[in-house]
Amino acid sequence: MIRIVDIGMNHETAPVEVRELLSFGKQDRDMAFHDIQAIKNIKESLLLSTCNRVEILFTTEREKEAKESVITFLSHVSGIAPGELRPLLYIYNDQEAIRHIFRVGASLDSMMVGEPQILGQVKDAYRIAVDNKSSSVILNRLMHRTFSLAKRIRTETGIAGSAVSISFAAVELAKKIFGDLTGKGVLLIGAGEMAELAATYLLNNNVAQMLVTNRTFSRAVELAEQFQGSAISFDETESQLLRVDIIITSTASPEPIISFDQVRRIMKGRKNRPLFFIDIAVPRNVESRVNEIGNVFVYDIDDLKGIIDDNVGKRQAEAMKAERMVDEEVLKFSAWLRTLKVVPTIRELQEKCERIYQGELQKTLSGFKDLTPEQRNGVEMMAKSITKKLLNDPIVFLKGKGEKGSQDLYLDIARKLFNLDGDTREGDE
Amino acid sequence: MDIVFFRLTLSLYLAATAGFLYFILKRNKKAGLWSHRILLLGFALHTVSLLIEYYHLGAVPGLSFKSSLAFFSWAIVAAYIIFQWKFGILVLGSFVGPLSVILMIFSSTIPISAVTVRPIFKGLLLPVHVTASLLGDGIFVIACIAGIMYLIQERQIKTKRLGAFYARLPSLNILDSINYHAISYGFLLLSIGMIIGSIVAQGAHGTYWRWDPKEVWSLLTWLCYAVLLHQRMAVGWRGRRSALMAIGCFFILIFTFLGVNLLMEGYHSFESLEGKPLP
């Protein structure tokens, strides 16, 4: 009987040092894939390898041997003995394997639930399998269900809905204030990893100009080059506040460098065009009262963290919804798999009947030489439709059993009733 | 209004409203797009039905409270279509849809009264006066809705509590921009409506201005929006203040539209318009 198996490891089961050993680059991946394809007992296969996970998904009729071979293969590639490798792996069979691949595709098994890259990676993995003709009836359907489910989860739940990194949350806020960021000006005061990341995101959103200032001018020039912006001296800051729209502050100054009165003054000059301060510094660079001024918005690091915490919570709640959708889809797929199991029996049944009626037809017709072609045709049609109609009910019955349980019993009975397994009892009679 | 057309229009508006509510709740873009199309269809039917009524009545279909509610509903949907077309803010429909339905249902509950169309209502200027004024009102409804949306969105961003509306409402910039455009065009139409109205009055009563309550309140409304527009353009008001004032002006406008016609006496009151003798 055909089984679906998934053997793999992810960020939860294996440390990064081990995952590294098994993360295949583009060329390695093709080679590895051919090695897997070559394993005896594996029928269909797919290899997914990202920095957070390695998954080998395959179908087999000899589950035990296939699993051993795959583990040996992984052990061989990583250079870790099978005994040591075994505890770092998970092995899922049938329903569990289906569920697992659904969850992986829908980004429910990711380190950051809802992250969007994984679906693309799964699609790539599938494409390679298709190119190498190692995906057939079962994996084709399984992967297509995975993709459509992932898409549905993405649109119908909010697992990917909201920003979960500080810089990204800041850019999202900027968009809610300014709408399109095209043509907006950004001023970066000070430097730091988070500030630079936020600046990069803003650049990706087509802001028009990036000004950089720093207590040390040379550092400002350096950063300006990095962002294709221009450096200004620290004393120019106030006059530039009239021109830019988004200000990222990230200096080590113990005192606020942007004051309430200063911003109030500036807003008059700006004719109240909105101003957005992203204050990543600790202690804060912008006086908190500045947020009270109309059309001015100040977010400090704690505010941004608060938003992210909320968003992470929201994603988790949405993930529950997604899990339910996965459950449903697993049931549907398993039902389809069971109908697949009755297909060989039905086909054999049809073939056997076809043989019988062809044989009988020949015998009968050879006795009636002077029949007209129409009459011969009529007899043929009759024989054909009798077999077809006789078979109809048993086939419908078996297919129906495919969607429920107790299928094996009825398959067995059907095979015995129609003697499909070629016993020699015929001659005993 | 022709009852078949009225019911068809109302059904389409209802369907669109249901879709728009689903759209804002579930954030299902497809539902929003379809609701918009349904609303467009409803609007087309509504327009045809108003034209038919105009043809049969020989006067603008806004002389009774019943018909002017339906006409106002038409004007709001028209304003929505213009702003949705210009700014692409489908979520506006989630506010406009229910409003248009409420007005239509309200209109349908008022019994039909026989309207005697006096000769002075039969000119070409009166329809222009009524249409321009009501369309202006419809656009001010959009300004008010955008103002409410702005206040909600701004409050969420200022207080740093990003609730359910944060993702659903458009950016502050777009809302403020709608505010500006709506006030400008609404003001223009209201001005046209009032000027034409005074010309009609000159023809009918021999005087441009009679200190009728409707005239006085219209002038107040006009002044309110004029101040807002001035503050925006000359002083640089924007955002919250402008939104608040657009909402404030709208209250005066509603009183001018409903309160004056229903509570006060004058030649603009529906009793008078419907042809009943003034006490």
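Biologist: How far apart do the C-alpha centres of domain 1 and domain 2 of chain B lie?

Modeller: They lie 19 Å apart. Domain bounds come from an automatic or database domain assignment, and here domain 1 of chain B covers 1–115 and domain 2 covers 124–279. This is a predicted model, in which local features need pLDDT of at least 70 and side-chain atom pairs count only at pLDDT 80 or more, while totals for chains, interfaces and linings use all residues. Residues are numbered from 1 along each chain as its sequence is written, and chains are lettered from A and ligands numbered from 1 in the order in which they are written.

Biologist: How many residues of domain 1 of chain B are in contact with domain 2 of chain B?

Modeller: Contact means that two C-beta atoms, placed from the backbone, lie within 7 Å. By that rule, 25 residues of domain 1 of chain B are in contact with 22 residues of domain 2 of chain B. On the domain 1 side, α3 (65–87) and α4 (91–109) of chain B each supply at least two residues, and α3(B) gives the most, with ten. Helices are DSSP runs of H or I, at least four residues, and strands are runs of E, at least two, numbered from the N terminus.

Biologist: Where is N41(A) found?

Modeller: N41(A) is in the loop between α2 (26–38) and β2 (42–49) of chain A. Its phi is positive, about 75°, although N41(A) is not a glycine.

Biologist: Which peptide bond is cis?

Modeller: The bond from V282(A) to P283(A) is cis, with omega near -5°. P283(A) is found in the loop between β9 (275–279) and β10 (296–300) of chain A.
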